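Dear colleague,

Please find below the structure that I am handing over to you.

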Amino acid sequence: MALLTWNSRYSVGVKTLDSQHTVLFGLLNDLHAAMLKGQAQSLTGSLLRKLVDYTHTHFATEERMLEEARYPGLAEHKIKHRDLIQKVEGYTLRFEKGEITLNLHLMNFLRDWLTEHIQKTDHEYGPWLNERGVH
């Protein structure tokens with residue numbers, strides 16, 4: 001069973017960003033499946049790193065689009081991105097050092113972080129971009 005299932009309530013109305021969000025959902029689901037199967041830490045670790053790396057890529061794309069559209073909330077949005085990246089990077093480093101394991105608590109944090117960020121923070125910019133011809 002997937003941890004997350006994409007549906008229209010997550011859409012921000014911008015194809016590129018929705019597509020990237022679905023990739024993030026897929027990576028998180030892959031990580032969850034590996035955890036449930038008890039797969040080797042090396043596989044889980046590489047999936048966690050892949051999720052973090054793709055999050056960096058996604059945030060860069062999103063911020064570039066918002067900058068080009070002169071989104072007034074960009075500075076605050078960037079701060080939220082940095083805070084989220086710091087938390088996830090912290091978990092990843094602790095996992096890689098063997099200080100923590102990938103467990104349900106961490107998976108729930110990642111799930112909640114992703115869904116709340118999309119549904120609250122990202123939904124704020126959708127109409128702004130749409131009004132400027134970005135769909």
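A helix here is a DSSP run of H or I with at least four residues, and helices are numbered from the N terminus. Please note that this is a predicted model.

I begin with Thr 55, which lies in helix H2. Is Thr 55 buried or exposed? Its relative accessible area is 2%, and buried means under 20%, so Thr 55 is buried. Apart from its neighbours within four places in sequence, Thr 55 is in contact with Leu 24, Ile 85 and Trp 113.

Thr 55 also takes part in the lining of the largest cavity, together with Leu 51, Val 52, Leu 84, Ile 85, Val 88 and Trp 113. Two elements give two or more residues to this lining, namely helix H2 (41–68) and helix H3 (74–96). By class, the lining has six nonpolar residues and one polar residue, while charged residues are absent from it. The volume of the largest cavity is about 30 Å³, and the structure holds one cavity of 30 Å³ or more.

Helix H1 deserves a separate remark. It covers residues 15–36, which makes 22 residues. At 1.5 Å a residue, helix H1 should span 32 Å, and because its end C-alpha atoms are 31 Å apart, the two values agree. After H1 comes Gly 38, which has a positive phi, near 65°.

I hope that this account is of use when you open the structure.

Yours sincerely

Definitions and conventions: Residues numbered from 1 in each chain as written. Predicted model: local features only at pLDDT ≥ 70, side-chain atom pairs only at ≥ 80, totals over all residues. Heavy atoms only, no water. 1 Å grid on protein atoms, 1.4 Å probe; cavity = no way out; pocket = protein on both sides within 12 Å on 5 of 7 lines; lining within 4 Å. Points joined across faces, edges and corners; volume = space filled by probe spheres on them. Nonpolar A, V, L, I, M, F, W, Y, C, P; charged D, E, K, R; others polar. Expected span 1.5 Å × (residues − 1). Buried < 20%, exposed > 50% of the residue type's maximum accessible area, 1.4 Å probe, protein only. Contact = heavy atoms within 4.5 Å.
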